[in-house]
Each structure stands twice: as C-alpha cells, then as structure tokens.
Amino acid sequence: MIRSLLGPERRRSRLAEQAPDGPVRELLATPQPTSGTDVTDLPLLAVDLETTGLDPRTDHILTVGFVPVDGLVIDLSGATQLLCRAEGDVGQSAVVHGITDDALAGGLPLADVVDRVAAALRGRVLLAHHAVIEREFLAAACERTHGVPLPMEAVDTMQLQARVLGSQSGADLPPGALRLGTARAHLGLPRYAAHQALTDALACAELYLAQVARLSGGQPMSLKALQR
C-alpha cells in the first residue's frame with residue numbers, strides 16, 4: 001500500500017526536477033489528493049479536449065475546456081476555454097467540432113495552453129469522460145513543449161457510468177450507452193450541445209455529481225472507490 005502511494009509521487013518529483021520553472025514544474029512538485037480522500041473533500045478539474053483525431057502521436061489539441069470541482073460543488077468562476085494555435089490543418093475534424101483553421105490562427109501557442117491547464121490542475125485530480133484521451137493528449141503535449149510527460153490521477157465518468165448501469169467494463173452494454181449525452185439523459189440531466197470543450201467539461205462535471213449521488217447512496221466514498 002505504501003509503495004503504491006509513494007511510487008507515483010516519487011516519479012512526479014523526479015519529473016519536477018527535470019521540468020523548466022513554471023506551472024508544469026509546480027504541478028509535478030505538488031502532491032495529488034490521496035486515495036483515501038472522500039468525495040466531499042476531493043478537488044478535481046473537469047477537462048475536455050477537442051482534437052484533430054484520437055491519436056496523440058499524430059493528432060493535435062484544438063481547444064481545451066475546464067472547470068474546477070471542489071468536493072461536490074462546481075466552481076463556475078474557474079470555467080475556462082482555451083483555443084490552441086494550429087500546428088497543422090484541422091482537416092475533416094472540423095465537421096465534428098466546427099473549429100476552423102482561421103479561428104485557430106488566433107489561438108495560444110501549445111506551450112501556453114499546457115501551462116494554463118497545469119496551473120489549473122495543480123493539487124487536483126483530472127476528471128473526464130473517457131479520460132484516457134485527455135490524459136494521453138495532455139501528456140504528449142507536455143512532453144513536446146516542456147520535455148517531460150504529465151502523469152496524473154484521473155476519475156473517468158465513462159467508467160463510473162458503466163457501474164451506474166450495473167456493468168464492470170461496459171462491454172456488455174448496448175452501443176452508445178456510455179456516451180456523455182446518453183449517460184446524462186439516463187440520470188435526468190439536460191441535453192447540451194456536444195463537441196464544445198467548455199460545455200462538455202461542464203457536462204462531465206454535472207454528470208460526475210449525479211453519478212456520485214447514485215453510487216454512494218449518501219455514504220462516504222473515497223477517490224480509491226471512484227477509481228476501482
């Protein structure tokens with residue numbers, strides 16, 4: 001147990017020593033919430049990315065939306081959307097998210113976007129729907145711009161929704177049952193327009209609160225229980 005708790009933090013500390021001064025280094029040097037932290041005290045950052053595709057090795061971040069969640073309260077004062085200056089053509093992905101090359105020309109450099117996200121993530125757990133996308137793209141972007149990856153704890157609302165539906169992996173559920181909009185509808189949440197980063201981050205945060213209420217039944221629930 002002690003090794004499992006200290007191992008990731010030791011790695012983050014080593015990476016902090018290699019990172020340049022600034023928000024990424026500060027993020028890596030700051031301990032993350034422990035596995036025993038109760039949901040009522042758990043600081044998270046709901047994050048959504050719009051990208052040119054699904055492969056962080058070849059595709060690029062276009063926009064980042066994020067909103068802090070402090071325990072069971074969404075902090076709208078911290079809601080932010082960042083447009084990332086294009087590293088290449090948007091291509092056919094524009095059909096999905098509606099972001100054009102002209103819009104991206106006025107965006108922030110990727111390094112600045114990474115710094116802004118890192119500053120917001122400091123001391124928090126990443127919250128996302130199908131969190132592997134956000135984790136891998138942010139890690140790849142950080143390594144490209146700052147020379148170090150960005151290991152981070154995460155809570156995945158897609159995995160939580162599988163548990164809400166009585167499934168361990170989701171493999172036995174109907175196609176589309178774990179999509180963000182479908183999951184929200186199942187828990188009585190309103191429909192939002194999809195593929196807009198800040199809106200999707202807020203939608204994820206709201207879904208998380210509804211899932212916690214359903215899964216915990218009002219009883220204590222830890223970060224470890226969320227991630228099991």
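1. Start with helix 7. Six of the eight residues of helix 7 (residues 157-164) are buried, so this helix is largely enclosed by the rest of the structure. The buried residues are T157, L160, Q161, A162, R163 and V164. Keep in mind throughout that the model is predicted.

2. What do the buried residues of helix 7 pack against? Two strands take part: strand 5 (125-128) and strand 6 (154-156). Three helices take part as well: helix 8 (180-186), helix 9 (197-216) and helix 10 (223-227). Look for these elements around helix 7 in the structure above.

3. Take helix 9 from that list. Helix 7 and helix 9 pack at an angle of about 35 degrees. Their axes are 10 Å apart. The crossing of helix 7 past helix 9 is left-handed. On the helix 7 side, the contact uses T157, L160, Q161, R163 and V164. On the helix 9 side, it uses C204, L207, Y208, Q211, R214 and L215. By residue type, this contact divides into six nonpolar, three polar and two charged.

4. Helix 5 (residues 110-121) packs with helix 6 (residues 132-146) at an angle of about 120 degrees. The axes of this pair lie 9 Å apart. Helix 5 contributes L110, A111, V114, D115 and V117 to the contact. Helix 6 contributes L138, A141, C142, R144, T145 and H146. The residues of this contact divide into seven nonpolar, two polar and two charged.

5. Is C142 buried or exposed? C142 counts as buried, at 0% relative accessibility. A student may then ask about disulfides. A disulfide is a covalent bond between the sulfur atoms of two cysteines. Which cysteine sulfur is closest to that of C142? The sulfur in C84 is the closest, but at 13 Å it is too far for a bond. The cut-off for a disulfide is a pair of cysteine sulfur atoms within 2.5 Å. By this rule, the count comes to zero disulfides.

6. Two histidines have a backbone angle worth checking. H130 has a positive phi of about 65 degrees, although H130 is not a glycine. Where is H130? H130 sits in the loop between strand 5 and helix 6. H130 is partly exposed, with a relative accessible area of 35%.

7. The phi of H195 is near 65 degrees, a positive value in a residue other than glycine. H195 is found in the loop between helix 8 and helix 9. With a relative accessible area of 38%, H195 is partly exposed.

8. End with T58. T58 is in the loop between strand 1 (43-51) and strand 2 (61-70). Relative accessibility is 55% for T58, and exposed means over 50%, so T58 counts as exposed. How many residues separate T58 and A139 in sequence? They are 81 residues apart in sequence. In space, T58 and A139 are 13 Å apart, C-alpha to C-alpha.

Methods: Residues are numbered from 1 along each chain as its sequence is written. This is a predicted model: local features need pLDDT of at least 70, side-chain atom pairs count only at pLDDT 80 or more; totals for chains, interfaces and linings use all residues. Side-chain values use heavy atoms; hydrogens and water are left out. Buried means under 20% relative accessible area, exposed over 50%, partly exposed in between (1.4 Å probe, protein chains only). Axes are lines fitted to C-alpha atoms, for helices over the stretch in contact, and angles run from 0 to 180 degrees between N-to-C directions. Helices (H or I, at least four residues) and strands (E, at least two) are DSSP runs, numbered from the N terminus. Contact means heavy atoms within 4.5 Å. Ala, Val, Leu, Ile, Met, Phe, Trp, Tyr, Cys and Pro count as nonpolar, Asp, Glu, Lys and Arg as charged, and the others, Gly among them, as polar. A crossing is left-handed if the near helix is turned anticlockwise from the far one by less than a right angle, and right-handed if clockwise.
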